[in-house]
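Student: Could you walk me through this protein, slowly please?
Tutor: Gladly; have a look at it before we start.

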Amino acid sequence: RYRDTNAEEKMNPFAEQEALEEHQIGKATLKYGSKNKKQAADDYQFVFEDQIDFIKASVTDGDNFDYEEMEDSLEKSRAKSALEALKEERKKLPIYPYREELLQAIRDHQAWFFPASVLVIVGETGSGKTTQIPQYLHEAGYTKRGMIACTQPRRVAAMSVAARVSQEMGVKLGHEVGYSIRFEDCTSEKTILKYMTDGMLLREFLGEPDLASYSVVMVDEAHERTLSTDILFALVKDIARFRPDLKLLISSATLDAEKFSDYFDSAPIFKIPGRRYPVEINFTKAPEADYLDAAIVTSLQIHVTQPPGDVLVFLTGQEEIETAEEILKHRTRGLGTKIAELIICPIYANLPTELQAKIFEPTPEGARKVVLATNIAETSLTIDGIKYVIDPGFCKMKSYNPRTGMESLLVTPISKASAMQRAGRSGRTGPGKCFRLYTAYNFHNDLDDNTVPEIQRTNLANVVLTLKSLGIHDLVHFNFMDNPPAEALLQALELLFALSALNTSGELTKVGRRMAEFPVDPMLSKMIVASEKYKCSDEIISIAAMLSVGNSIFYRPKDKQVHADNARMNFHTGNVGDHIALLKVYTSWKETNYSTQWCYENYIQVRSMKRARDVRDQLAGLLERVEIELTSNPGDLDAIKKSITSGFFPHFARLQKNGSYQTVKHPQTVNIHPSSGLAQVLPRWVVYHELVLTTKEYMRQVTELKPEWLVEIAPHYYQLKDVEDAGSKKMPRGEGRAQ
Ligand code: CDP
Ligand code: MG
């Protein structure tokens, strides 16, 4: 029914680029599909003066799948019961015809000379790898010998896929099918299919180094090459050698399959031929100055002028998505009944679970859905019904400077491979269109071919601590698929040494062993472990929990900003600093018996607070495990601040004459984030939780400290001259540097 002869070609991420070269770049076109297109276009022009011109550049190859027939049988299946319908839908997936072949490959390929049993599986997004393969294996009896683990790089994907599979199997989520993500374990004794983040499986090695409770481990979305996935590769490869019964599957959306196979001692590759419709690729004529605005204009342009079909817009993060949502709502409201209904669905990592389901709901007749998504929709999640993709060409990416140890999340141009994946999202259920908000010239000349694996652009302290606790000492010769920069490894070792997690021979200390039990970054876990000494573990885990929730505690409605700011500043009375303010928020909420009303009154997100409470409960459990008593010392703010300093002393900055700050260890100019309670206070010495780069390099969550604490707490890291007051007072700007 569909062509599978040139699977090779379909795997080629640059087929489009090649196709592009064959095409004459035509005149700007945006075809009007609606019946009263003239009217629609006029209305559109009337309301929005700005319109973006696109140049149709190429059309990717599709294959001749019988769309109507599929629609037809889908229609029929809708009539049946929900479960029956889901069963029918499962059979429509591209992977279904290969079920037996795949099971046989998993059964048979094990070579007599090599005990490891590894199969690389490649198939386009939406072919059914994540939802179906674990079910097939279950149906074939593999769960009799142990659980099936399927790892996902993203929390949202793990949760939503588990939810889908539990529906397909007609069981309650958390029973036979469950998920496990950091600070949230939705599994039970019954669980046989376990979807989990790659980071969680990594942590399971700590408790069960041979993963004995699993019969199958599927490292899914391998092409994403997250840090945890890369480390998992090495660890599962190792255990597969002495666990011949373990089935190891590495699955990926088309890219780098050979590389995976090579890494796993020439493991066989199983290809699932995809089903693909042609996608028309459009570029802008000229570069867009504001891609967010361009994305909004293009969404409306599509809505008003194009035939039915949902729209998927790739944005970089929650804030951007919320802004876009607001603007879109505002503009469509302005248009009133002139246009059809536009349903706006955001999806990003921290989106509350109950709202996630909305993106999968079918769009009602006559309406159009616009999904505003982060990179998560690139390959991790498949949303049916998407016909138009808007690709601004950016994503948020971690970048790390191994020289300074500074990490930041930056909005970065995507790779060509990513652009290809994004475009492909529009051609899943019929011919699609992709609108790239950049020029063809940009595409060819400015985008890298592939995304650099995370291991080469991140802080490795956490991973090094995990590996050390697994007894892996020689990290230089560790079997990485791509080696991390030597400098980054060194930085990680140095930081762990400074935090007293490693001794001078690079061995794990008692402090380090305790730190490794906490699923948080080493500076945060050190802060927790150090609270034992200052007898304030009770307060510190509240602070740690609040910090883990991120920056979604306070909200600031546009029309009530002054009220919201006043409410927030109440917690900062006495200029206690942001950490103590977070503690005050938590304890006040607790004193009201976790009241929702109290949250409303104080402009605090109750959802974030509940999450903080969950995280706190787990941290309390982990304290018990490492035998640290829960002791409270609420009156002694210095003790609490000293615990914070014990973990975060590398994040130490001092005030400059011009009101900005300079980090002490690796001098860099930074500023206090405007949302901080200390933004107007400007204490001379501060520690900060993290740096964020927006218009400037900002310190977020800041607390004042006394410089002599540094010499007391981290004498091996700071010397007296680093913290001497004279340094910043007398020397002109820029010269007051350490070293
Ligand atoms: O892993 P892969 O990209 O190959 O596909 P999948 O995630 O297993 O998705 C297969 C199908 O399941 C998709 O066509 C989606 O329609 C459906 N699905 C869903 O409806 N809801 C989810 N949360 C996940 C998948
Ligand atoms: Mg998948």
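**Overview**

Tutor: Among the contacts in the protein with a separation of 6 or more, 75% are between residues 24 or more positions apart, where a contact means that two C-beta atoms, placed from the backbone, lie within 7 Å. This is a predicted model, where local features need pLDDT of at least 70, side-chain atom pairs count only at pLDDT 80 or more, and totals for chains, interfaces and linings use all residues. Residues are numbered from 1 along each chain as its sequence is written, while chains are lettered from A and ligands numbered from 1 in the order in which they are written.

Student: Which residues are closest to ligand 1?
Tutor: They are Lys-129, Thr-130, Thr-131, Ser-160 and Arg-164, out of 16 residues that surround ligand 1, each counted if its C-beta atom, placed from the backbone, lies within 6 Å of the ligand. Helix 7 (129-139) and helix 8 (155-169) are the elements that give two or more residues to this shell, and helix 7 gives the largest share, four residues.

Student: Let's switch to strand 2; is it buried or exposed?
Tutor: Strand 2 (residues 118-123) is mostly covered, with six of its six residues buried. Val-118, Val-120 and Val-122 lie on one side and Leu-119, Ile-121 and Gly-123 on the other. In a regular strand the side chains alternate between the two faces of the sheet.

Student: Which strands pair with strand 2?
Tutor: Strand 8 (residues 247-252) runs parallel to strand 2 and is joined to it by five bridges, and Ile-121 stands opposite Ser-251 there. Strand 9 also pairs with strand 2 in the parallel sense, over four bridges, with Gly-123 opposite Ile-272; pairing requires that DSSP finds at least two bridges between two strands.

Student: Where is the closed barrel, and which strands make it?
Tutor: The closed barrel has five strands in the order 18-19-20-22-21, with mixed pairing.

Student: One last thing, what is the phi of Asp-265?
Tutor: Phi of Asp-265 is near 50 degrees, a positive value in a residue other than glycine. Most residues other than glycine have a negative phi. Asp-265 is in the loop between helix 11 (257-263) and strand 9 (269-272).

Student: Why does Asp-265 count as partly exposed?
Tutor: Asp-265 counts as partly exposed because it has 13 C-beta neighbours inside 10 Å. Ser-500 also has a positive phi, of about 65 degrees, and Ser-500 counts as partly exposed because it has 18 C-beta neighbours inside 10 Å.

Definitions and conventions:
Buried ≥ 20, exposed ≤ 12 C-beta atoms within 10 Å, placed from the backbone.
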